[in-house]
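Thanks for making time this morning.

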Amino acid sequence: MAVYFGLQSMFYKYVRGLNDWNHHKTETGQKQIELTCARRDSAAFQAVVSSEEDFLLTIREEPLFWKGGPLEIARLSVETDAPFRVNVHLIGLIEDDDRSLKSDILLQQSHIYVERRRIQPVWIELEAESEIPAGTYSGKLKLWTHTLFDDEKLEEELVFTVHVREEVLPEPKYYKFYLDLWQHNSNIARKYEVPLWSEEHFLFIDAYLKSLADLGQKALSVVVSEIPWSGQGSYLDREPSDLFEYSMVHVRRHPDGSYSYDFAALDRYVETGFKHGISSEIEVFGLLNIWQNSVYGSIVEGYPDGIRVRYYDEQSGSYRYIRERPHLEAYIRALESHLTEKGWIDKVRILADEPADYELFSERINTLQQIAPSFKYKAAINHANFIQKKVKGLHDYVPILTCAANEAEQIESLRGEIPGRLLFYVCCHPKYPNTFLGSPSIEARVIPWLAEKLKYDGFLRWNYTVWPDRPLENIVYRPSVWPAGDTNFVYPGPSGKPMLSLRYKWLQRGIRDFEYMQLLKETGRGHEVEKVLNHVFLFADIKDLYVGESGAELYSQDPGDYDRLYRIGSGSLTKKNG
(Lines give C-alpha, C1' and ligand atoms only; values in the text may rest on other atoms or scores of the structure.)
Protein backbone atom coordinates (compact mmCIF):
# COMPACT_ATOMS: atom_id res chain seq x y z
CA MET A 1 0.00 0.00 0.00
CA ALA A 2 1.39 3.39 -1.00
CA VAL A 3 1.02 5.61 2.07
CA TYR A 4 1.61 9.34 2.12
CA PHE A 5 2.57 10.81 5.48
CA GLY A 6 3.51 14.36 6.43
CA LEU A 7 3.29 17.18 8.94
CA GLN A 8 1.33 20.41 9.04
CA SER A 9 0.96 23.45 11.30
CA MET A 10 -1.58 23.30 14.12
CA PHE A 11 -3.54 25.81 12.01
CA TYR A 12 -3.96 23.44 9.08
CA LYS A 13 -7.61 23.08 8.05
CA TYR A 14 -8.51 20.11 5.89
CA VAL A 15 -11.41 20.71 3.51
CA ARG A 16 -12.65 17.65 1.67
CA GLY A 17 -12.62 18.43 -2.01
CA LEU A 18 -10.08 21.23 -1.63
CA ASN A 19 -7.15 19.50 0.13
CA ASP A 20 -7.72 16.17 -1.61
CA TRP A 21 -5.84 13.67 -3.71
CA ASN A 22 -4.74 16.08 -6.40
CA HIS A 23 -2.73 17.88 -3.73
CA HIS A 24 -1.72 14.92 -1.56
CA LYS A 25 2.00 15.20 -2.32
CA THR A 26 1.97 18.86 -1.33
CA GLU A 27 -0.19 18.23 1.73
CA THR A 28 2.09 15.46 2.99
CA GLY A 29 5.39 16.88 1.73
CA GLN A 30 6.63 18.42 4.98
CA LYS A 31 8.68 15.85 6.91
CA GLN A 32 9.86 17.83 9.92
CA ILE A 33 8.59 20.70 12.01
CA GLU A 34 10.07 23.07 14.58
CA LEU A 35 7.95 24.43 17.45
CA THR A 36 8.37 26.78 20.39
CA CYS A 37 6.41 27.17 23.60
CA ALA A 38 6.70 28.43 27.16
CA ARG A 39 6.49 26.25 30.22
CA ARG A 40 2.99 25.37 31.50
CA ASP A 41 2.12 25.66 27.83
CA SER A 42 1.93 23.34 24.86
CA ALA A 43 3.22 22.95 21.33
CA ALA A 44 0.89 21.44 18.74
CA PHE A 45 0.93 20.36 15.13
CA GLN A 46 -0.96 18.01 12.81
CA ALA A 47 -0.01 14.86 10.98
CA VAL A 48 -1.71 14.03 7.69
CA VAL A 49 -2.05 10.52 6.25
CA SER A 50 -3.46 9.34 2.94
CA SER A 51 -3.29 6.32 0.64
CA GLU A 52 -4.30 5.05 -2.76
CA GLU A 53 -6.41 2.38 -0.98
CA ASP A 54 -8.91 2.34 1.86
CA PHE A 55 -7.33 1.78 5.28
CA LEU A 56 -7.89 2.02 9.01
CA LEU A 57 -5.88 4.56 10.98
CA THR A 58 -5.37 4.00 14.69
CA ILE A 59 -3.62 6.07 17.35
CA ARG A 60 -3.63 3.36 20.03
CA GLU A 61 -1.62 0.19 20.66
CA GLU A 62 -4.45 -2.29 21.28
CA PRO A 63 -5.18 -4.93 18.61
CA LEU A 64 -7.50 -3.90 15.80
CA PHE A 65 -9.27 -5.76 13.00
CA TRP A 66 -11.60 -4.35 10.37
CA LYS A 67 -15.16 -5.63 10.63
CA GLY A 68 -15.35 -5.99 6.85
CA GLY A 69 -12.40 -8.39 6.55
CA PRO A 70 -8.79 -7.90 5.45
CA LEU A 71 -7.79 -4.23 5.37
CA GLU A 72 -4.52 -2.40 5.81
CA ILE A 73 -4.13 -1.02 9.33
CA ALA A 74 -1.96 2.06 9.83
CA ARG A 75 -0.83 2.96 13.34
CA LEU A 76 0.57 6.32 14.38
CA SER A 77 3.00 6.44 17.31
CA VAL A 78 4.73 9.39 18.98
CA GLU A 79 8.13 9.26 20.69
CA THR A 80 9.89 12.11 22.45
CA ASP A 81 12.99 12.59 24.57
CA ALA A 82 11.17 15.03 26.89
CA PRO A 83 8.64 14.45 29.68
CA PHE A 84 5.83 15.98 27.63
CA ARG A 85 2.28 14.89 28.18
CA VAL A 86 1.33 13.81 24.66
CA ASN A 87 -2.26 14.16 23.47
CA VAL A 88 -3.22 12.64 20.13
CA HIS A 89 -6.67 12.94 18.55
CA LEU A 90 -8.08 11.95 15.22
CA ILE A 91 -9.75 14.96 13.64
CA GLY A 92 -13.34 14.63 12.45
CA LEU A 93 -15.07 16.55 9.71
CA ILE A 94 -18.25 18.58 10.00
CA GLU A 95 -20.41 20.10 7.28
CA ASP A 96 -20.18 23.84 6.64
CA ASP A 97 -22.84 26.11 5.14
CA ASP A 98 -21.39 25.57 1.66
CA ARG A 99 -21.90 21.77 2.06
CA SER A 100 -18.16 21.16 2.17
CA LEU A 101 -16.73 19.02 4.98
CA LYS A 102 -14.13 20.79 7.11
CA SER A 103 -11.94 19.46 9.90
CA ASP A 104 -13.00 20.64 13.33
CA ILE A 105 -13.75 17.92 15.93
CA LEU A 106 -11.04 16.39 18.12
CA LEU A 107 -12.55 12.91 18.26
CA GLN A 108 -12.49 10.67 21.31
CA GLN A 109 -12.37 7.46 19.28
CA SER A 110 -9.12 5.58 18.77
CA HIS A 111 -9.40 4.64 15.09
CA ILE A 112 -11.11 5.76 11.92
CA TYR A 113 -11.88 4.34 8.48
CA VAL A 114 -10.17 6.41 5.77
CA GLU A 115 -11.41 6.17 2.21
CA ARG A 116 -8.92 5.88 -0.59
CA ARG A 117 -7.49 9.14 -1.81
CA ARG A 118 -8.72 11.04 1.22
CA ILE A 119 -6.51 12.87 3.69
CA GLN A 120 -6.90 12.14 7.39
CA PRO A 121 -5.53 14.81 9.76
CA VAL A 122 -4.40 13.97 13.30
CA TRP A 123 -3.95 16.43 16.17
CA ILE A 124 -0.74 16.08 18.21
CA GLU A 125 -0.17 18.27 21.25
CA LEU A 126 2.83 18.22 23.56
CA GLU A 127 2.13 19.70 26.98
CA ALA A 128 5.12 21.23 28.74
CA GLU A 129 4.55 21.27 32.49
CA SER A 130 5.91 24.11 34.63
CA GLU A 131 8.74 21.90 35.97
CA ILE A 132 10.20 20.90 32.61
CA PRO A 133 13.70 22.37 32.13
CA ALA A 134 13.97 24.97 29.41
CA GLY A 135 15.77 23.66 26.37
CA THR A 136 15.40 22.00 22.99
CA TYR A 137 13.75 18.60 22.71
CA SER A 138 13.19 16.29 19.79
CA GLY A 139 10.72 13.61 18.89
CA LYS A 140 9.64 11.18 16.23
CA LEU A 141 6.35 10.40 14.62
CA LYS A 142 6.20 6.90 13.18
CA LEU A 143 3.67 5.32 10.85
CA TRP A 144 3.38 1.52 10.98
CA THR A 145 1.26 -0.68 8.72
CA HIS A 146 0.11 -4.30 8.68
CA THR A 147 -2.74 -6.51 7.48
CA LEU A 148 -4.35 -9.27 9.54
CA PHE A 149 -1.57 -11.28 11.27
CA ASP A 150 1.42 -9.74 9.46
CA ASP A 151 4.18 -8.06 11.42
CA GLU A 152 3.96 -4.29 11.48
CA LYS A 153 6.17 -2.52 8.97
CA LEU A 154 7.60 0.95 9.53
CA GLU A 155 6.43 3.02 6.56
CA GLU A 156 7.99 6.34 7.48
CA GLU A 157 9.51 8.26 10.37
CA LEU A 158 9.11 12.03 10.73
CA VAL A 159 10.83 14.32 13.21
CA PHE A 160 9.84 17.32 15.28
CA THR A 161 11.73 19.72 17.52
CA VAL A 162 10.30 21.69 20.45
CA HIS A 163 12.09 24.67 21.99
CA VAL A 164 10.80 25.20 25.53
CA ARG A 165 11.34 28.74 26.79
CA GLU A 166 12.31 29.68 30.34
CA GLU A 167 9.13 31.66 30.97
CA VAL A 168 6.27 29.93 32.82
CA LEU A 169 2.69 30.78 31.94
CA PRO A 170 0.32 31.21 34.89
CA GLU A 171 -2.34 28.63 35.67
CA PRO A 172 -5.45 29.35 33.57
CA LYS A 173 -7.40 30.58 36.60
CA TYR A 174 -4.81 33.35 36.95
CA TYR A 175 -4.83 34.41 33.30
CA LYS A 176 -5.12 38.16 32.82
CA PHE A 177 -7.11 37.72 29.62
CA TYR A 178 -10.77 38.07 30.59
CA LEU A 179 -12.66 35.35 28.75
CA ASP A 180 -16.45 35.19 28.89
CA LEU A 181 -18.04 32.39 26.88
CA TRP A 182 -21.70 32.09 27.84
CA GLN A 183 -22.91 28.72 29.06
CA HIS A 184 -26.18 27.09 27.97
CA ASN A 185 -26.64 24.21 30.38
CA SER A 186 -30.18 23.19 29.44
CA ASN A 187 -28.80 22.19 26.07
CA ILE A 188 -26.28 19.90 27.78
CA ALA A 189 -29.11 18.16 29.64
CA ARG A 190 -31.06 17.73 26.40
CA LYS A 191 -28.19 16.22 24.46
CA TYR A 192 -27.43 13.67 27.19
CA GLU A 193 -31.14 13.12 27.90
CA VAL A 194 -30.94 13.67 31.66
CA PRO A 195 -33.23 15.71 33.95
CA LEU A 196 -32.31 19.36 34.46
CA TRP A 197 -30.10 19.99 37.50
CA SER A 198 -30.02 16.30 38.39
CA GLU A 199 -26.97 14.43 39.66
CA GLU A 200 -26.40 13.11 36.15
CA HIS A 201 -26.67 16.62 34.70
CA PHE A 202 -24.09 17.98 37.14
CA LEU A 203 -21.66 15.21 36.23
CA PHE A 204 -21.73 16.48 32.64
CA ILE A 205 -21.68 20.12 33.76
CA ASP A 206 -18.52 19.44 35.75
CA ALA A 207 -16.70 18.20 32.64
CA TYR A 208 -17.85 21.13 30.53
CA LEU A 209 -16.84 23.68 33.16
CA LYS A 210 -13.44 22.00 33.37
CA SER A 211 -12.99 22.52 29.62
CA LEU A 212 -13.91 26.19 30.02
CA ALA A 213 -11.54 26.57 32.96
CA ASP A 214 -8.70 25.22 30.82
CA LEU A 215 -9.21 28.23 28.54
CA GLY A 216 -9.07 30.64 31.46
CA GLN A 217 -12.82 31.34 31.59
CA LYS A 218 -13.73 34.00 34.15
CA ALA A 219 -17.55 34.11 34.27
CA LEU A 220 -20.28 31.66 35.26
CA SER A 221 -23.63 31.98 33.46
CA VAL A 222 -26.70 31.43 35.64
CA VAL A 223 -30.27 31.65 34.39
CA VAL A 224 -32.91 32.79 36.90
CA SER A 225 -36.09 32.95 34.81
CA GLU A 226 -37.56 30.92 31.99
CA ILE A 227 -36.31 31.19 28.40
CA PRO A 228 -34.64 34.64 28.53
CA TRP A 229 -33.70 34.37 24.84
CA SER A 230 -37.15 32.97 23.94
CA GLY A 231 -35.57 29.97 22.27
CA GLN A 232 -33.72 32.28 19.86
CA GLY A 233 -36.97 32.56 17.90
CA SER A 234 -36.70 28.92 16.84
CA TYR A 235 -40.43 28.72 16.05
CA LEU A 236 -39.74 30.78 12.93
CA ASP A 237 -37.51 28.07 11.43
CA ARG A 238 -38.77 25.46 9.00
CA GLU A 239 -36.90 22.79 10.97
CA PRO A 240 -36.57 24.31 14.46
CA SER A 241 -34.08 23.14 17.07
CA ASP A 242 -34.77 23.24 20.80
CA LEU A 243 -32.72 26.18 22.08
CA PHE A 244 -34.62 27.07 25.25
CA GLU A 245 -32.72 27.76 28.46
CA TYR A 246 -34.48 27.20 31.77
CA SER A 247 -34.20 28.69 35.23
CA MET A 248 -31.91 27.24 37.89
CA VAL A 249 -34.25 28.41 40.65
CA HIS A 250 -37.24 26.37 41.78
CA VAL A 251 -40.10 28.49 43.17
CA ARG A 252 -43.04 27.27 45.28
CA ARG A 253 -46.21 29.04 46.37
CA HIS A 254 -47.67 27.76 49.61
CA PRO A 255 -51.40 27.54 50.44
CA ASP A 256 -51.16 30.73 52.53
CA GLY A 257 -49.99 32.65 49.45
CA SER A 258 -46.36 32.97 50.53
CA TYR A 259 -43.47 31.97 48.28
CA SER A 260 -40.25 30.04 48.91
CA TYR A 261 -37.24 29.84 46.64
CA ASP A 262 -34.88 26.92 46.18
CA PHE A 263 -31.46 28.15 45.02
CA ALA A 264 -29.73 24.76 45.41
CA ALA A 265 -29.03 24.22 41.69
CA LEU A 266 -27.74 27.76 41.24
CA ASP A 267 -25.48 27.41 44.27
CA ARG A 268 -24.14 24.07 43.14
CA TYR A 269 -23.39 25.42 39.69
CA VAL A 270 -21.48 28.39 41.07
CA GLU A 271 -19.57 26.22 43.54
CA THR A 272 -18.68 23.76 40.77
CA GLY A 273 -17.30 26.63 38.70
CA PHE A 274 -15.35 27.97 41.67
CA LYS A 275 -13.85 24.52 42.18
CA HIS A 276 -12.39 24.72 38.68
CA GLY A 277 -11.12 28.27 39.16
CA ILE A 278 -13.92 30.11 37.33
CA SER A 279 -14.59 32.60 40.07
CA SER A 280 -14.31 36.21 38.87
CA GLU A 281 -17.92 36.77 37.89
CA ILE A 282 -21.44 35.38 38.22
CA GLU A 283 -23.37 36.65 35.20
CA VAL A 284 -27.13 36.50 35.71
CA PHE A 285 -29.45 36.06 32.75
CA GLY A 286 -33.20 36.41 32.95
CA LEU A 287 -33.71 39.70 34.81
CA LEU A 288 -32.89 42.31 32.18
CA ASN A 289 -33.64 42.87 28.50
CA ILE A 290 -35.57 39.62 28.02
CA TRP A 291 -35.97 38.83 24.34
CA GLN A 292 -39.61 39.08 23.33
CA ASN A 293 -41.55 38.41 20.18
CA SER A 294 -45.12 37.79 19.04
CA VAL A 295 -45.19 34.36 20.72
CA TYR A 296 -43.03 34.79 23.81
CA GLY A 297 -43.96 38.11 25.33
CA SER A 298 -44.28 39.80 28.71
CA ILE A 299 -46.64 38.23 31.27
CA VAL A 300 -46.33 40.52 34.31
CA GLU A 301 -48.75 43.40 34.02
CA GLY A 302 -47.18 46.80 34.58
CA TYR A 303 -43.59 45.56 34.59
CA PRO A 304 -41.33 47.01 31.83
CA ASP A 305 -39.54 43.75 31.00
CA GLY A 306 -40.51 40.23 29.98
CA ILE A 307 -39.36 38.22 33.02
CA ARG A 308 -41.11 34.83 33.32
CA VAL A 309 -40.87 33.04 36.66
CA ARG A 310 -42.49 29.62 36.93
CA TYR A 311 -43.64 28.28 40.29
CA TYR A 312 -45.30 25.22 41.75
CA ASP A 313 -48.63 26.02 43.36
CA GLU A 314 -49.07 23.67 46.29
CA GLN A 315 -52.77 24.36 46.70
CA SER A 316 -53.74 23.37 43.14
CA GLY A 317 -50.86 20.96 42.48
CA SER A 318 -50.13 22.78 39.22
CA TYR A 319 -47.31 24.85 37.76
CA ARG A 320 -48.03 28.49 37.07
CA TYR A 321 -46.21 31.73 36.26
CA ILE A 322 -45.88 34.82 38.39
CA ARG A 323 -48.13 37.49 36.86
CA GLU A 324 -48.32 40.12 39.59
CA ARG A 325 -45.60 42.72 39.86
CA PRO A 326 -45.28 42.64 43.69
CA HIS A 327 -44.67 38.89 43.57
CA LEU A 328 -42.03 39.30 40.86
CA GLU A 329 -40.31 42.04 42.84
CA ALA A 330 -40.30 39.82 45.93
CA TYR A 331 -38.55 37.11 43.89
CA ILE A 332 -35.89 39.56 42.67
CA ARG A 333 -35.27 40.79 46.21
CA ALA A 334 -34.99 37.20 47.47
CA LEU A 335 -32.40 36.50 44.79
CA GLU A 336 -30.42 39.59 45.76
CA SER A 337 -30.55 38.60 49.44
CA HIS A 338 -29.42 35.07 48.71
CA LEU A 339 -26.45 36.17 46.62
CA THR A 340 -25.52 38.64 49.33
CA GLU A 341 -25.75 36.01 52.08
CA LYS A 342 -23.50 33.69 50.03
CA GLY A 343 -20.89 36.45 49.86
CA TRP A 344 -21.09 36.60 46.07
CA ILE A 345 -22.85 39.90 45.45
CA ASP A 346 -19.68 41.76 44.39
CA LYS A 347 -19.11 39.16 41.67
CA VAL A 348 -22.67 39.40 40.34
CA ARG A 349 -23.42 41.11 37.02
CA ILE A 350 -26.94 41.32 35.66
CA LEU A 351 -26.59 40.79 31.91
CA ALA A 352 -28.31 42.67 29.13
CA ASP A 353 -27.89 41.11 25.71
CA GLU A 354 -27.88 43.73 22.94
CA PRO A 355 -30.43 46.28 24.23
CA ALA A 356 -31.75 48.28 21.29
CA ASP A 357 -33.98 50.97 22.80
CA TYR A 358 -32.05 53.28 25.11
CA GLU A 359 -35.11 54.76 26.84
CA LEU A 360 -36.68 51.36 27.47
CA PHE A 361 -33.37 49.94 28.66
CA SER A 362 -32.95 52.85 31.07
CA GLU A 363 -36.44 52.24 32.45
CA ARG A 364 -35.72 48.55 32.93
CA ILE A 365 -32.38 49.03 34.65
CA ASN A 366 -33.78 51.81 36.87
CA THR A 367 -36.63 49.55 37.92
CA LEU A 368 -34.22 46.78 38.88
CA GLN A 369 -32.04 49.24 40.79
CA GLN A 370 -34.99 50.30 42.88
CA ILE A 371 -35.90 46.68 43.66
CA ALA A 372 -32.38 45.34 44.22
CA PRO A 373 -29.88 48.19 44.73
CA SER A 374 -26.88 45.89 45.26
CA PHE A 375 -26.82 44.62 41.69
CA LYS A 376 -24.25 45.76 39.13
CA TYR A 377 -24.86 45.51 35.41
CA LYS A 378 -23.09 44.43 32.26
CA ALA A 379 -24.24 44.85 28.68
CA ALA A 380 -23.27 43.46 25.31
CA ILE A 381 -23.93 46.47 23.10
CA ASN A 382 -23.76 47.05 19.38
CA HIS A 383 -23.53 50.86 19.35
CA ALA A 384 -21.48 53.31 21.39
CA ASN A 385 -24.24 55.68 22.51
CA PHE A 386 -25.00 53.40 25.45
CA ILE A 387 -21.50 54.23 26.68
CA GLN A 388 -21.81 57.90 25.82
CA LYS A 389 -25.10 58.26 27.71
CA LYS A 390 -23.57 56.68 30.80
CA VAL A 391 -26.41 54.45 31.89
CA LYS A 392 -26.48 54.56 35.68
CA GLY A 393 -25.43 51.26 37.19
CA LEU A 394 -23.82 49.89 34.03
CA HIS A 395 -20.52 48.62 35.32
CA ASP A 396 -18.97 46.55 32.49
CA TYR A 397 -19.19 47.40 28.80
CA VAL A 398 -18.89 44.92 25.96
CA PRO A 399 -19.15 46.58 22.52
CA ILE A 400 -19.27 44.43 19.42
CA LEU A 401 -15.94 44.50 17.58
CA THR A 402 -17.24 46.65 14.72
CA CYS A 403 -18.33 49.22 17.30
CA ALA A 404 -15.00 48.94 19.13
CA ALA A 405 -13.24 49.72 15.82
CA ASN A 406 -15.56 52.31 14.29
CA GLU A 407 -16.18 54.16 17.56
CA ALA A 408 -12.64 53.71 18.91
CA GLU A 409 -12.05 57.39 19.64
CA GLN A 410 -15.36 57.80 21.48
CA ILE A 411 -14.79 54.68 23.55
CA GLU A 412 -11.21 55.67 24.34
CA SER A 413 -12.36 59.10 25.55
CA LEU A 414 -14.79 57.39 27.93
CA ARG A 415 -12.42 54.73 29.23
CA GLY A 416 -11.77 56.55 32.48
CA GLU A 417 -15.51 56.71 33.20
CA ILE A 418 -16.12 52.97 32.80
CA PRO A 419 -16.13 51.61 36.35
CA GLY A 420 -15.56 47.98 35.43
CA ARG A 421 -14.14 45.97 32.58
CA LEU A 422 -14.12 46.68 28.88
CA LEU A 423 -14.40 43.62 26.60
CA PHE A 424 -15.36 43.23 22.96
CA TYR A 425 -17.48 40.55 21.35
CA VAL A 426 -18.26 38.94 18.04
CA CYS A 427 -21.34 36.83 17.24
CA CYS A 428 -22.97 36.02 13.91
CA HIS A 429 -21.18 39.12 12.68
CA PRO A 430 -18.79 40.66 11.82
CA LYS A 431 -17.60 38.35 9.09
CA TYR A 432 -13.99 38.69 10.25
CA PRO A 433 -12.23 38.02 12.46
CA ASN A 434 -14.51 35.31 13.77
CA THR A 435 -14.62 31.68 14.84
CA PHE A 436 -16.97 30.21 12.25
CA LEU A 437 -16.27 26.83 10.72
CA GLY A 438 -15.43 28.65 7.50
CA SER A 439 -13.26 31.35 9.11
CA PRO A 440 -9.53 31.20 8.36
CA SER A 441 -7.99 29.25 11.21
CA ILE A 442 -5.70 32.10 12.26
CA GLU A 443 -8.70 34.28 13.15
CA ALA A 444 -9.44 32.46 16.41
CA ARG A 445 -5.83 33.12 17.38
CA VAL A 446 -5.92 36.77 16.37
CA ILE A 447 -8.85 37.65 18.67
CA PRO A 448 -6.75 37.84 21.89
CA TRP A 449 -4.08 39.68 19.92
CA LEU A 450 -6.71 42.28 19.05
CA ALA A 451 -7.53 42.64 22.74
CA GLU A 452 -3.87 43.47 23.34
CA LYS A 453 -3.82 45.85 20.37
CA LEU A 454 -6.97 47.64 21.59
CA LYS A 455 -5.89 47.50 25.25
CA TYR A 456 -9.18 45.81 26.14
CA ASP A 457 -9.55 43.44 29.08
CA GLY A 458 -10.77 40.49 27.06
CA PHE A 459 -13.37 38.87 24.85
CA LEU A 460 -16.99 37.70 25.07
CA ARG A 461 -18.91 35.32 22.87
CA TRP A 462 -22.45 34.04 23.27
CA ASN A 463 -21.68 30.46 22.32
CA TYR A 464 -20.18 27.36 23.81
CA THR A 465 -22.84 24.64 23.65
CA VAL A 466 -25.75 26.22 21.76
CA TRP A 467 -26.04 23.10 19.63
CA PRO A 468 -28.86 22.48 17.19
CA ASP A 469 -30.75 19.22 17.69
CA ARG A 470 -28.20 16.88 16.02
CA PRO A 471 -24.82 18.60 16.29
CA LEU A 472 -22.72 15.51 15.55
CA GLU A 473 -24.54 15.11 12.25
CA ASN A 474 -24.72 18.75 11.27
CA ILE A 475 -24.17 22.09 13.00
CA VAL A 476 -25.58 24.08 10.09
CA TYR A 477 -28.58 25.92 11.53
CA ARG A 478 -30.24 29.05 10.24
CA PRO A 479 -27.24 29.74 7.96
CA SER A 480 -28.62 33.02 6.68
CA VAL A 481 -28.17 34.33 10.25
CA TRP A 482 -25.75 32.00 12.06
CA PRO A 483 -22.80 30.76 9.99
CA ALA A 484 -21.85 27.19 10.92
CA GLY A 485 -19.74 27.21 14.07
CA ASP A 486 -21.35 30.36 15.43
CA THR A 487 -23.16 28.33 18.08
CA ASN A 488 -20.43 26.14 19.57
CA PHE A 489 -16.78 25.66 20.47
CA VAL A 490 -17.23 22.06 21.64
CA TYR A 491 -19.34 19.03 20.72
CA PRO A 492 -21.27 16.61 22.98
CA GLY A 493 -18.86 13.72 23.42
CA PRO A 494 -20.19 10.18 23.84
CA SER A 495 -18.31 9.73 27.12
CA GLY A 496 -20.09 12.66 28.75
CA LYS A 497 -17.15 14.95 28.22
CA PRO A 498 -16.97 17.63 25.56
CA MET A 499 -15.16 16.94 22.34
CA LEU A 500 -13.02 20.00 21.75
CA SER A 501 -12.75 21.65 18.36
CA LEU A 502 -9.81 22.96 16.41
CA ARG A 503 -11.38 26.39 16.87
CA TYR A 504 -11.21 25.92 20.65
CA LYS A 505 -7.52 25.02 20.35
CA TRP A 506 -6.75 27.93 18.06
CA LEU A 507 -8.44 30.35 20.47
CA GLN A 508 -6.53 28.77 23.36
CA ARG A 509 -3.28 29.38 21.49
CA GLY A 510 -4.17 33.05 21.12
CA ILE A 511 -5.06 33.38 24.80
CA ARG A 512 -1.73 31.83 25.78
CA ASP A 513 0.01 34.23 23.39
CA PHE A 514 -1.69 37.07 25.27
CA GLU A 515 -0.45 35.74 28.60
CA TYR A 516 3.06 35.39 27.21
CA MET A 517 2.93 39.02 26.10
CA GLN A 518 2.12 40.06 29.65
CA LEU A 519 5.13 38.11 30.97
CA LEU A 520 7.40 39.78 28.44
CA LYS A 521 6.07 43.24 29.26
CA GLU A 522 6.59 42.63 32.98
CA THR A 523 10.27 41.92 32.30
CA GLY A 524 10.85 45.08 30.29
CA ARG A 525 10.38 43.64 26.80
CA GLY A 526 7.18 45.47 25.95
CA HIS A 527 8.79 47.31 23.04
CA GLU A 528 9.64 43.98 21.42
CA VAL A 529 6.06 42.79 21.92
CA GLU A 530 4.94 45.96 20.18
CA LYS A 531 7.21 45.17 17.22
CA VAL A 532 5.62 41.73 16.83
CA LEU A 533 2.12 43.26 17.10
CA ASN A 534 2.99 45.75 14.39
CA HIS A 535 4.28 42.93 12.22
CA VAL A 536 1.05 40.94 12.64
CA PHE A 537 -1.39 43.80 12.16
CA LEU A 538 -1.31 45.47 8.78
CA PHE A 539 -3.44 48.52 9.61
CA ALA A 540 -2.17 51.75 11.12
CA ASP A 541 -5.38 52.77 12.88
CA ILE A 542 -8.01 50.54 14.48
CA LYS A 543 -10.67 52.50 12.57
CA ASP A 544 -9.29 50.85 9.44
CA LEU A 545 -10.18 47.37 10.69
CA TYR A 546 -13.26 47.17 8.48
CA VAL A 547 -12.16 48.97 5.34
CA GLY A 548 -11.10 45.80 3.51
CA GLU A 549 -12.94 42.85 2.02
CA SER A 550 -11.28 40.28 4.25
CA GLY A 551 -9.05 39.92 7.26
CA ALA A 552 -6.13 39.01 5.01
CA GLU A 553 -5.76 42.71 4.24
CA LEU A 554 -5.58 43.61 7.92
CA TYR A 555 -3.65 40.95 9.82
CA SER A 556 -1.16 38.28 8.90
CA GLN A 557 -2.45 34.86 7.88
CA ASP A 558 0.94 33.25 8.51
CA PRO A 559 1.24 31.44 11.89
CA GLY A 560 4.97 32.03 11.76
CA ASP A 561 4.44 35.77 12.16
CA TYR A 562 2.65 35.15 15.45
CA ASP A 563 5.26 32.62 16.56
CA ARG A 564 7.88 35.40 16.36
CA LEU A 565 6.61 36.30 19.82
CA TYR A 566 8.37 33.24 21.25
CA ARG A 567 11.72 34.24 19.84
CA ILE A 568 11.86 37.53 21.72
CA GLY A 569 15.06 37.56 23.73
CA SER A 570 16.46 34.48 22.01
CA GLY A 571 18.14 36.04 19.01
CA SER A 572 16.79 37.03 15.63
CA LEU A 573 13.09 37.29 14.84
CA THR A 574 13.49 35.57 11.49
CA LYS A 575 10.63 33.28 10.58
CA LYS A 576 10.68 29.56 11.23
CA ASN A 577 8.18 26.82 10.68
CA GLY A 578 5.47 26.50 13.28
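Let me begin with a definition: a residue is called buried when its relative accessible area is under 20%, exposed when that area is over 50%, and partly exposed in between, with a 1.4 Å probe and protein chains only. Please keep in mind that this is a predicted model, in which local features need pLDDT of at least 70 and side-chain atom pairs count only at pLDDT 80 or more, while totals for chains, interfaces and linings use all residues. Residues are numbered from 1 along each chain as its sequence is written, and side-chain values use heavy atoms, with hydrogens and water left out.

With that in hand, consider Ala384, which sits in the loop between β20 (376-381) and α7 (385-388); here helices (H or I, at least four residues) and strands (E, at least two) are DSSP runs, numbered from the N terminus. Is Ala384 buried or exposed? Ala384 is buried, because its relative accessible area is 6%. If we set aside neighbours within four places in sequence, Ala384 is in contact with Cys403, Glu407 and Gln410, where contact means heavy atoms within 4.5 Å. The C-alpha atoms of Ala384 and Ile411 are 7.2 Å from each other, although 27 residues separate the two along the chain.

The strand β20 also belongs to an open sheet of 5 strands, in the order β13-β16-β19-β20-β21 and with parallel pairing, two strands being counted as paired if DSSP finds at least two bridges between them. At the edges stand β13 (219-223) and β21 (394-399), each with a single partner strand, so one side of each has no neighbour in the sheet. From one strand to the next the twist averages 30°, with axes taken as lines fitted to C-alpha atoms, for helices over the stretch in contact, and angles running from 0 to 180 degrees between N-to-C directions. Within this sheet, β16 (residues 281-285) and β19 (residues 348-353) pair over 3 bridges in the parallel sense, and Ile282 stands opposite Val348 in β19. Helix α6 (residues 358-371) lies across β19, β20 and β21, and runs at about 160° to β20.

Another open sheet of 5 strands has antiparallel pairing and the order β1-β3-β9-β6-β7. Its edge strands are β1 (3-9) and β7 (101-106), each of which pairs on one side only. Inside it, 9 bridges join β3 (residues 41-51) to the antiparallel β9 (residues 120-128), and the bridge partner of Val48 in β9 is Pro121.

Turning to β10 (residues 135-147), 9 bridges join this strand to β5 (residues 72-80), again antiparallel, with Thr80 opposite Gly139. A further 11 bridges join β10 to β11 (residues 153-168), also antiparallel. These two form a hairpin with 5 residues between them, and Leu148 in the turn has a positive phi of about 50°.

Finally, the helices α11 (residues 502-522) and α12 (residues 526-536) pack at an angle of about 140°, with their axes 7 Å apart. Met517, Leu520 and Lys521 of α11 meet Gly526, Val529 and Leu533 of α12 in this contact.
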